[in-house]
Amino acid sequence: MSLKQRADRQGMPCQDPQVRRHNFQEVALGYTKEQAMEEAGRCLQCKKPKCREGCPVEVLIPDFIQAVADGDFAQAAVLLKEKNALPAICGRVCPQESQCEAKCIVGIKSEPVAIGRLERFVADWEMRQGATLPEQAPRKGKKVAVVGAGPAGLTCAADLAKLGYDVTIFEALHTAGGVLMYGIPEFRLPKDIVEQEIDNLRKLGVEMQFNSVVGKATNVHELLANGYEAVFLGTGAGLPNFMGIPGENLCGVFSANEFLTRTNLMKGYCFPEYQTPVKVGRKVAVLGAGNVAMDAARTALRLGAEEVHIIYRRSEKEMPARAEEIEHAHEEGVQFQLLTSPVEIIGDENGWVKAMKCVRFELGEPDASGRRSPVAIPGSEYIMDIDTVIVSIGTGPNPLATKSVPDLELNRKGNIVADEDGRTSIPGVFAGGDIVTGAATVILAMGAGKKSARAIDEYVMAKTAEKAI
Amino acid sequence: MYPIVRKEIFSPTVKLFDIKAPLVAAKAQAGQFFILRADEKGERIPLTIADFDREEGTITAIFQEMGAGTKRLGQLEVGDNILDVVGPLGVPSEIERFDGPVAIVGGGVGIAPIYPIAKALKAAGNEVFAIIGARNKELLFWEEKMASVSSKLIVCTDDGSYGRKGFVTDALKDVYEANSNLNHVWAIGPMPMMRAITNVTRPWGVKTIVSMNPLMMDGTGMCGACRVQVGNETKFACVDGPEFDGHMVDFDLAMKRLSIYKDEEKRALAALEHQHQGGGCGCH
């Protein structure tokens, strides 16, 4: 192998931390053409590419990277979009280090090929040229309903549209994108990029009905009775969890969902021109250490908080957030209080948060899963002065759609029971994404949407064949 | 787009819209609400469904102009479009034929959401005692409509400018004295009023339902802004409510939580004033 392949991984140009912590513009700036071609040259073009096994939507990774190395970005885009309807988004928010890049052979002796950054480069390049549409099968004249316009629903809709179905997405909010719009901040995923990718779906003929709460204004059985051959439920994990500690309903305690939705979807950082206010105090504690917690912490800094602390019960190693998000948060000045958990939020006489009582933990013996579980240290309680708490300890399944389908099998937590391909207990009803798995990543939801699209196609085709006999 | 097909001005701050929203009207039930967003930059404003007409495909909303959002809303006219309307949301009122009369109490703009509940209770065959009240005559509305869905209607104003002088709580006490077999009470209005009603009915042991109007954003359980402490549990008004057992609700906390964005609301009002004078918002 040539020296070139062992060359260092191309770094990602970023806004300076001291500058970016005061603005909402995108942090990572993207590769230049030269950087992209250089990085693509590091790929070994394995005969049996392991990286593809690590990708939930089976992107043709070596193929598109070869096209980048050849400087044929248009071809790279075609190859990329054959499997992935939302590449500009995935290139930005996928946890590549635990997926495709984790499997990269180059990564054994050196740093893995920056697959995610290349994906982003190609998608952005194509967007600037004006995206071309993937090939579409002839219209079948069959309708499918997709519930929820988040990553799972959008992917399912795109794939069904490509197969020739007439797809309608029913979305409860006033815009498409789900967590891509309300949850992930502008500085990590610019909203005009999400909108452009969603526009591509419209060009494929996907219809979108906003302000449509399935479970209230209509329900799954009504949709099936109204000419939809199948229904895909991608309603997500929309219900924020709270800790269940005293003081959690005080003024100044927000769910990460509320804090981020006010900021991102409702553009609270542009208040009062945009009329939805968002509040952040001087000293902020964010409970949890996932991607959403990092987003909340970094958003709090940008809204003007003086101090932002991530409070997490385990150690740095166990933090569920993407490595890059943790690194960016560190660089921007977010402080990490690890092996620490709150036990009580303390209010002032007006019902506002003024402090939080925490307890310190140490890592105990490994449990059945091999993970060392945190154990509280007796007598280690201490008080932290804070005025805002953002709870980011996960979300549960949104119950609105499922409540209206009493015959749909759910598990104890309220998630829909579905097989690998999204088939639920009701024929014709499919489900995927967080509503099935519990809160996970954008890309896993997209993978589920993709598999369901295939299964829906099989189901509808079989049903049509049966009718013909 | 959801056009405003009728507008009624009850007072300089209390207004009514009939909004064309056929899908919401088709499924709306007493006790439910909807959320509107007037334009691209607007807040999502939750409003209880005051009435609905399934044939016309309209829903009725009555609102009091308080903050910048509702003030802007009040400036819209018939023919103007509302950008987003989503609903019906929340759990409908549990309507049945109760064993004994029921009392419904509407205070201020709370008269609007109590109307469909009274109507449904009456239709279910209940004897309905209705009490409506406001600070003064100017803020009262729908007296005739309320009379049409109740067996008896008491109207009161705090200042005595119309009907009987005094609070709705006093009127309710009188109703109870004459009808100690009262089975249920529904009370909707400002939080201090709902709290006062629950304090009155607690010793009687009469189940008292209140409709909470906390801060809310998406209305589908996603943001948790609408948390209400009910007994030992935290409930989300948007998906678990908006109606709760009033004797279990922590009104103190609920009122404090209503004030979370008080400072920002003042800023927004000031900006609105400034805009009227031709200035920009200075945000860009």
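What share of the 469 residues in chain A is buried? In this predicted model, buried residues make up 60% of the chain. Chain A is built from 19 helices and 16 strands. Its radius of gyration is 23 Å, close to the 23 Å given by the globule rule for 469 residues, so chain A is as compact as a globular protein of that length. Along the principal axes, the C-alpha atoms of chain A fill a box of roughly 75 × 60 × 55 Å. Contacts were considered at a sequence separation of 6 or more; in chain A, 69% of these join residues 24 or more positions apart.

The surface of chain A was examined next. Chain A exposes about 18,700 Å², and carbon and sulfur atoms supply 51% of that area. The chain carries 54 positive and 61 negative side chains. The centres of these two sets lie 2 Å apart.

Nonpolar side chains tend to be buried together in soluble globular proteins. The largest nonpolar core in the model has 80 residues. Those with the most contacts inside this core are Ile61(A), Phe64(A), Ile65(A), Val68(A), Leu118(A) and Ile456(A). Helix 19 of chain A, spanning residues 442-468, gives the most to the core, with 8 residues. Ile65(A) illustrates the packing. Beyond its neighbours within four places in sequence, Ile65(A) is in contact with Ala40(A), Cys43(A) and Gln45(A), and also with Val113(A), Ile115(A) and Leu118(A). A second, separate core has 55 residues. Its members include Val253(A) and Ile311(A) from chain A, together with Val206(B) and Val230(B) from chain B.

One glycine of chain A was followed in detail. Gly148(A) lies in a loop of chain A, between strand 1 (143-147) and helix 10 (151-162). Its relative accessibility is 10%; the cut-off for burial is under 20%, so Gly148(A) counts as buried. With neighbours within four places in sequence left aside, Gly148(A) is in contact with Gly153(A), Ile169(A), Phe170(A), Glu171(A) and Gly234(A). Gly178(A) is 30 residues from Gly148(A) in sequence. In space, the C-alpha atoms of Gly148(A) and Gly178(A) are 7.3 Å apart.

Chain B was described in the same terms. It has 9 helices and 17 strands. The radius of gyration of chain B is 19 Å, close to the 19 Å that the globule rule gives for 284 residues, so chain B is as compact as a globular protein of that length. Its C-alpha atoms fill a box of roughly 60 × 40 × 40 Å along the principal axes. Of its 284 residues, 55% count as buried. Among contacts between residues at least 6 apart in sequence, 65% in chain B join residues at least 24 apart. Chain B exposes about 11,700 Å², with 49% supplied by carbon and sulfur atoms. It has 31 positive and 36 negative charges, whose mean positions are 2 Å apart.

Helix 6 of chain B covers residues 191-201. Its buried residues are Met191(B), Met193(B), Met194(B), Ile197(B), Thr198(B), Val200(B) and Thr201(B). An α-helix has 3.6 residues a turn, so residues three or four places apart point the same way.

Notes:
Residues are numbered from 1 along each chain as its sequence is written. Chains are lettered from A and ligands numbered from 1 in the order in which they are written. This is a predicted model: local features need pLDDT of at least 70, side-chain atom pairs count only at pLDDT 80 or more; totals for chains, interfaces and linings use all residues. Side-chain values use heavy atoms; hydrogens and water are left out. Helices (H or I, at least four residues) and strands (E, at least two) are DSSP runs, numbered from the N terminus. The radius of gyration is taken over C-alpha atoms; the globule rule is 2.2 Å times the number of residues to the power 0.38. Buried means under 20% relative accessible area, exposed over 50%, partly exposed in between (1.4 Å probe, protein chains only). Contact means heavy atoms within 4.5 Å. Accessible areas come from the Shrake-Rupley method with a 1.4 Å probe; for residues, only the protein chains shown count as cover. Lys and Arg count as positive and Asp and Glu as negative; His and the chain ends are not counted. The place of a charge is taken as NZ of Lys, CZ of Arg, CG of Asp or CD of Glu. A nonpolar core is a set of buried Ala, Val, Leu, Ile, Met, Phe, Trp, Tyr and Cys residues joined through side-chain atoms within 4.5 Å.
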